[in-house]
Amino acid sequence: METLGIVESVDGRYINVRIDRESACGGNCGSCGGCGGGNGRVVRVLNSVGAKEGSRVVMKMSASKVLFAAFLVYIVPFIVLFAAYAAVFSVTGRENISAAVSVAALCVSFAAVHAADKKLKDKYTLIVHNIL
């Protein structure tokens with residue numbers, strides 16, 4: 001994955017970079033209103049190339065890291081939800097108990113993903129590749 005951004009500020013060894021969100025509709029967010037204005041977001045990354053405020057930078061992350069992060073955030077909680085439902089239903093045979101336990105398990109999986117995010121934050125971050 002490669003994305004462009006503009007350095008908003010320099011903070012020691014780190015820079016704050018504004019990344020404009022890319023939309024599925026081609027960037028004309030005003031036409032459908034689905035993107036929420038397209039303001040983008042600011043990310044903090046290590047300034048490994050000596051970028052200055054106002055510089056346009058190219059940031060990269062490997063596709064495998066992006067796919068693993070997406071799997072962890074989106075797929076794992078649903079696997080937990082369905083597995084918990086199936087396990088409890090096979091034991092109790094009651095849908096209401098199975099649904100309640102599976103929702104609780106889903107909440108626990110979200111908490112686990114959040115905890116994993118804190119531990120993996122440095123490993124799964126954008127890296128400034130070069131200055132344009």
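Biologist: Helices (H or I, at least four residues) and strands (E, at least two) are DSSP runs numbered from the N terminus; which of them each supply at least two residues of the largest pocket's lining?

Modeller: Strands S1 (2-11), S2 (14-19), S3 (41-46) and S5 (127-131) do, along with helices H2 and H3. The model is predicted, so local features need pLDDT of at least 70 and side-chain atom pairs 80 or more, while totals for chains, interfaces and linings use all residues. Residues are numbered from 1 along each chain as written, and side-chain values use heavy atoms, without hydrogens or water.

Biologist: Which element gives the largest share of that lining?

Modeller: H2, with eight residues.

Biologist: Switching topic, what is in the largest nonpolar core?

Modeller: Twelve residues, among them Val7, Ile15, Val17, Ile19, Val43, Val45, Met61 and Leu126. A core joins buried Ala, Val, Leu, Ile, Met, Phe, Trp, Tyr and Cys through side-chain atoms within 4.5 Å.

Biologist: Which element gives the most to this core?

Modeller: S2, with three residues. S3 and strand S4 (56-60) also supply at least two each.

Biologist: What does Met61 touch, sequence neighbours within four places aside?

Modeller: Met61 is in contact (heavy atoms within 4.5 Å) with Met1, Val66, Tyr124, Thr125 and Leu126. Both Met61 and Leu126 belong to the largest nonpolar core.

Biologist: And H3, which residues are buried there?

Modeller: Ser98, Ser102, Ala105, Leu106, Ser109 and Val113. Buried means under 20% relative accessible area, with a 1.4 Å probe and protein chains only.

Biologist: Which helix is included in what covers them?

Modeller: Helix H2, residues 63-92.

Key:
Buried means under 20% relative accessible area, exposed over 50%, partly exposed in between (1.4 Å probe, protein chains only).
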